[in-house]
Amino acid sequence: MSPKSYYPLTLVIATLLAAFAGLAPGQTNEPPSKPTGHMITLSDFGAEDLAYLAVPVTPPALGIVLVPDAYGLDDFTKAEADRLAALGYLVVAVDIYNGKQTTDPGDLANLIANLNAATVMKTIDSGIRLFHESPKFRVDHVVAMGWGTGATYVFQAARENKLLDGAITFYGPVVTSDHVLGKFVAPLCAVYPDKDPVATHETVLNFQQRMKDAGNDCDAWFIAAGPGWSNPKTKTYNPTEDKEAWKVALPFIIRIGALPVKPKDSILDKAKDKIESIFK
């Protein structure tokens with residue numbers, strides 16, 4: 001399934017995997033807890049966009065920013081946020097279209113074509129800032145996760161956003177050999193479809209090796225499905241392989257949550273970053 005073996009699965013991880021599949025300990029179909037979810041705006045954190053916030057019933061172990069695929073902030077993305085919140089994570093699913101939704105292929109292609117990368121990154125950055133600046137929802141670690149179109153922007157956040165502790169991409173980008181990778185600021189867990197003419201085994205393995213050669217924390221995995229395996233809206237939806245993908249993602253989330261807390265930047269560090277940004 002993967003270029004490398006699984007992380008060792010502890011009893012805690014096994015319990016979380018069962019819960020994410022819809023089976024809580026000692027139950028048959030009820031999740032271990034009932035999170036509360038509602039729409040919010042990110043205006044206090046640098047963007048005017050909408051987002052869906054799912055709050056666990058227990059103190060959150062970690063914050064997760066979900067970035068949806070081309071369909072936008074749909075019921076699927078909200079359901080994934082709720083399921084992660086039921087496992088004890090605080091989740092904000094950002095809306096890359098700011099309220100627009102469609103299932104028409106023509107309209108969808110138009111929405112994708114008109115996405116502004118800078119605007120989308122600002123929205124993602126605002127979701128990450130929420131977990132660092134909100135007095136009510138502040139957490140020690142933040143992971144960004146995206147599917148397809150959203151994974152492209154999560155990939156960029158893993159390269160650039162110093163407030164991010166980890167990133168997960170489902171059927172996301174793979175950088176070809178003629179591009180300079182550079183140093184990423186966050187560990188990356190990249191999960192690719194086994195049946196993809198672009199993200200071939202050779203290409204992905206080459207990418208993973210080049211990431212490690214550049215000093216990056218990167219693990220690449222393959223799932224025996226096509227792109228879009230997670231979302232029931234796609235023709236390649238594969239619920240069995242979707243569960244396999246989460247056997248990769250959840251251990252990564254747990255690993256990131258166990259990392260030491262990053263020291264906060266000093267005033268001098270922030271001033272240096274601002275000066276560097278001016279001359280970019």
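Predicted model: local features only at pLDDT ≥ 70, side-chain atom pairs only at ≥ 80, totals over all residues.
Reader: What makes the contact between arginine 255 and aspartate 217 a salt bridge?

Author: The side chains of arginine 255 and aspartate 217 meet at 3.3 Å, N to O, and since the rule asks for a side-chain nitrogen of Lys or Arg within 4 Å of a carboxyl oxygen of Asp or Glu, the pair qualifies as a salt bridge. Arginine 255 lies in helix 7 and aspartate 217 in the loop between helix 6 (201-213) and strand 8, so the pair ties together parts that are 38 residues apart in sequence. Aspartate 217, with a relative accessible area of 33%, is partly exposed.

Reader: How do you know that aspartate 74 is buried or exposed?

Author: The relative accessible area of aspartate 74 is 1%, and because buried means under 20%, aspartate 74 is classed as buried. Its salt-bridge partner is lysine 233, with the closest N and O atoms 3.3 Å apart; this pair links distant parts of the chain, aspartate 74 being in the loop between strand 3 (63-67) and helix 2 (75-86) and lysine 233 in the loop between strand 8 (218-223) and helix 7 (239-257), 159 residues apart.

Reader: Why is lysine 233 called partly exposed?

Author: Lysine 233 has a relative accessible area of 38%, and because the limits are under 20% for buried and over 50% for exposed, lysine 233 falls in between and is partly exposed.

Reader: What separates glutamate 133 and arginine 129 along helix 4?

Author: Glutamate 133 and arginine 129 are 4 residues apart in helix 4 (residues 117-133), which means that about one helical turn separates them.

Reader: How many salt bridges does the rule give, and how much of the chain is buried?

Author: The count comes to 6 salt bridges, in a chain that has 8 helices and 8 strands. Buried residues make up 49% of the 280 residues in the chain.

Definitions and conventions
Residues numbered from 1 in each chain as written. Heavy atoms only, no water. Helix = DSSP H or I, 4+ residues; strand = E, 2+ residues; numbered from the N terminus. Buried < 20%, exposed > 50% of the residue type's maximum accessible area, 1.4 Å probe, protein only.
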